[in-house]
Amino acid sequence: MILSIAWRNLWRHRRRTLLTASSMAVSLALCIVLGGFTSGFMELLRAAVVDRSIGHVQIHHPDYPTSASPYDTVADADTVLANLKALPSVDRVAGRIQGFALFGGRGEEASTGMFMGVDPVGEAALTGMDERLVSGAWLDDGTPGAVIGERLAKSLDLAAGGELLVVTNALDGSIGDRVYPVLGVYKTDNIGLDEGAVLTLQAAQELLVLEDAIHEIVVVTHDADTIDQELPAITAAAPDLAVRPWWEVSPETVEMLGLTGVTTGFFAVIILGIAAFIIINTLLMSVYERTRELGVLAAIGTRPRQIVSMILAESALLAGLSAALGLALGLSGTAWLASSGLRLDVGDGASFTIAGVALDPVVHAQLTADNVLIPLFTLGFVAVIGGLWPAVRAARLDPVTAIRQE
Amino acid sequence: MLVSMALRNLLRRPVQSLIACAAIAAGLTSTIWMTNFQDGNWIGLLDDSMRAAAGHVVVQPKGYQDSQDAELLLEDSGAIADQLRALEPDGLVLRRAFVQGLVASSTNTVGIAVNAVEPELEREVSELPAKLVEGAWLEDKKQIVIGRELARKLEVGIKDKVVLTISSGGQIVGLPFRVAGIFASGSSRLDSFFAVAPLSKVQGLMPGRNDPATQVALQLPSYEAPKDLVDRVRAAVGDGPEVLTWREVIAEAVKAAELDKGFAAVIWAILAIVVSVGVTNLLLMSLFQRTRELGVMLAIGMRPVDVGKLLLAEGAILGVVGAIAGFALGTLLTIPMAKYGVDLAVMQSSAPVSNVAIDTVMKSHFMWGKSLIWTAWFMSLAVLASLWPAVRAGRLEPVEALRAT
Amino acid sequence: MTTATHRFAAARLTLLLAALVPASALAGEAPSDPAALKALLTQVDDAARSDSSRATVTMEVKTKRYERSVTMELQTQGTEKSLIRIVQPAKDQGVATLKVDDNLWNYLPNTDRTMKVPAAMMSGAWMGSHLSNDDLVRESRFSEDYTFSPGPAADGDLIAITCTPKPDTPVPWGRVVVTVRPDGVPTSQVFYDEDGELVRTMSFDDIQDIGGTPVAMTMKVVPEDKPGEYTLFRYESLELDVSIADSVFTLQSLKK
């Protein structure tokens, strides 16, 4: 009963209702889009650094994380890798060998740097490094050769087709030296990698006299949010080894992401706050404008409580209307951003690097419950409550004074 | 006349006027504050990068920017520095050498990057002196300032001796240096691989070269350089070295900042729309509410045009008052953010090009230009919002209007 | 490259030859006067500098990770030039290291390449031993780069000399205590860091007479922080004062 009166009231003042509703709806919609956008931005960073670089879980010899000694190896690597691949939660696995070597080109120049031994297919799936080639081709188990970083290529004046000399201290104390045809040149924007080279696992094992051991296993699961739950299974597949999730491997990344999350959250709160404030003002204004009308109501005998209920009902309906409108706009806006993505750069085409990882600066908004519900309930709450105080005030008005208001 | 009438009208409806002003003020406060914080932080970041890493204009050996080859060096750097000083007496001219080398203690040897600088001059521009946790900044002696992680790896403390070795022109030369200071920059990368030593002493490690340096940087007090500066410097130093602007040198840091900037632009756009729409709707609603009152004015003989002007005047007054309040409040709230900022742990991107210790504090910076633009925007918003009702008022039938509620 | 801690040494492989002392070496008491000490050590250095030698050396390395035995042929000319060629084990056979002044080159027969050892590798272990590449080239002449004082007390008629590096000397030692026999043959060199902590000990043993000169035939390098590890050098054969063509110490000859 009250609701229908309230509803009719709203429509009797169509313009006022529409103005208020549209303002609230726009605020709601934009806050939803904002939430989706910031989530998408965080996801972009996280995917770049975690998925594509650190991986979800890293497995090493127990001492390796602190010693970084090439002697601290993961023995029997094939078995462990096979076990891991067999786990249903695991999406991609790759093993790596790491070492430090002297590199030589044609002349006498020598350069020092890191080298990695990887599984060509696995590593490409893991980090997409094969897409980072600026010339030549990626590694292939069947083809002897190495790929080198762009900086190394420059300092040794080498290119695809040339020959790379790698000299290192093998693990049995002897000198490990080999010449590899340069298959390709890559650029990752990670200085350490770009000053080094990448070999196949077998080549690295042979060079270092490592037998069947490797240094590192990187695991990426299907769902980054449930890594915690998958850890026991992964640990079981890699007995006697240090199994660490990415947040333990790289606390700096956790900090960075957390920091970004804090700043984006900070901005979102500010915007939400301003939106709420403006809504309250709008509602205040609307009630004040109706002082005369409410005075008439009081004069004809409507009880204060009824006036309050009516105004509350109006607020609720208005809020509901705005919410519906706002949700529709917000959800469709977010959905559109989610699929087509928003490009954040100024258009010079070069890729960005965050923490040494290159990323393509396109943000795909994310629709999550939080992104929708938080603005919805916050603004909805404000919309309903915002009408309360003036409603109470209105109910206490002396009708005569009120009617005389303009 | 019009203005005093408008003012009276507004004061006759104090609460509504206040609400309208408050809305305008809040909108402006938030946009100004946000702009100062976001843009200001970015400007601050660039400023830091610029000051610490390069300068407005930088003279380097030809090809150095692309190759980063530590073997490329300018000779007679002192003469080049003098030339730049002659060009811009107000500016600061700094010489730096960037070399790769090894630092060895009795327990360990670590490969590092060394910034060889002029201690007194560098002190004015570098972030590191402020980040020393032990010891003091360099004097022009065989001293070295290293990061905390590096000190730990080498197991050395203040006054301990380490040997700095660099390979230059095929020769390997090492000299002992004493640790003068240890810094904690907040970036674990810098703290582990970065050291600073006096240029004159590091030159001693490059015996085949005459007064070598990697870079001679010219910095001016403001961060925007006069446009012809690069040309004048080029004319002064000739064709041998390359002359670059600071933007070219810290391309890496600029790119990272632009990602943030892109993000910030979206946030800010959202804020702008929310507040603009909100304020406009609020004003419109209020104005449309006054149809009856306007009818009265027309009925007593005011010309529609004047009614319209009256509304515009009211809008203008609200706009001005609200905007002034908003500007004042926004600026006031910026002050603590500009002074103290928000201290965050550092977000390190790989910025080896600039060897920069990125400031850990996000600070606001007073963007006066933009603040004024926003103030003008909100003022005009109030007037613009009044436009539609003002026009409509001109077309009102007094009788109809009087009957409105 | 192992991540073993690296050390700079004031001694180098050819310091083995510092065991050479002219027959006119001092006998009797330890000179307590710094000038005399300096003279003594200068003689040692001078002797090493002027002589050439040819030798077969075995090197035993025992580390926590592996044990190796390497046989090599060594030719030297003074302290500036030396050529080392590995004979055993088979994997490293033919690997050669040429030192001329401060420069070091390695020849790797496997890949038939000659590499100059860059600065960044200088602190790396040489052939997996406890000596670094830098040890091989370090040109610290004791007499020039250090100041000397007698003491601490040594057993019997051995003379102990404390050598303190001069401020400009690029070595991270706080001091080195050299113990010599009256005939000038060193028996040990002990290295301390700036805080006075013992870092490394080199001991010389098995003194034999080679062509009229007493020479320590073994040198053992023991790092203090790695219990159980050592590198032991032993002369299997040694000829002094042989004539070696200058062309031996060139990159061309490195390859052969």
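Among contacts in chain C between residues at least 6 apart in sequence, what percentage join residues at least 24 apart? The share is 49%. This figure, like every other value discussed here, belongs to a predicted model.

For the complex, the predictor reports an ipTM of 0.72 together with a pTM of 0.68. Confidence within chain C can be followed from the chain down to its elements. The average pLDDT of chain C is 75, and 76% of its residues score at least 70. Among the elements of chain C, the lowest mean pLDDT, 64, belongs to helix H1 (residues 34-50) of chain C, and the highest, 91, to strand E1 (residues 52-62) of chain C. Residues 1-30 of chain C have a pLDDT below 50, although this stretch has 93 contacts in the model beyond near neighbours in sequence. Where pLDDT is low, the predicted coordinates should not be read in detail.

The overall make-up of the two chains may now be described. Chain A has 406 residues, of which 52% count as buried. Its secondary structure consists of 16 helices and 14 strands. Of the contacts in chain A with a separation of 6 or more, 81% are between residues 24 or more positions apart. Chain C has 256 residues, and 42% of them count as buried. Its secondary structure consists of 4 helices and 13 strands.

E1(C) pairs with E13(C) in the antiparallel sense, over 10 bridges. In this pairing, Tyr235(C) of E13(C) has Val57(C) opposite. E13(C) also pairs with strand E12 (residues 213-223) of chain C, again in the antiparallel sense, over 4 bridges. Here Arg234(C) of E13(C) has Thr218(C) opposite. E12(C) and E13(C) form a hairpin, with 6 residues lying between the two strands. In the turn, Gly228(C) has a positive phi of about 90°. In a regular strand the side chains alternate between the two faces of the sheet.

It remains to consider where the chains meet. The contact between chain A and chain C takes 22 residues from chain A and 22 residues from chain C. On the side of chain A that touches chain C, the elements that give two or more residues are strand E2 (90-104), strand E3 (110-118), strand E6 (163-169) and strand E7 (175-186) of chain A. The residues on this side of chain A comprise 10 nonpolar, 8 polar and 4 charged.

Definitions and conventions
Residues are numbered from 1 along each chain as its sequence is written. Chains are lettered from A and ligands numbered from 1 in the order in which they are written. This is a predicted model: local features need pLDDT of at least 70, side-chain atom pairs count only at pLDDT 80 or more; totals for chains, interfaces and linings use all residues. pLDDT is the predictor's confidence in each residue, from 0 to 100. Two residues are in contact if their C-beta atoms, placed from the backbone, lie within 7 Å. Ala, Val, Leu, Ile, Met, Phe, Trp, Tyr, Cys and Pro count as nonpolar, Asp, Glu, Lys and Arg as charged, and the others, Gly among them, as polar. A residue is buried if 20 or more other C-beta atoms lie within 10 Å of its own, exposed if 12 or fewer, and partly exposed in between; C-beta atoms are placed from the backbone. Two strands pair if DSSP finds at least two bridges between them.
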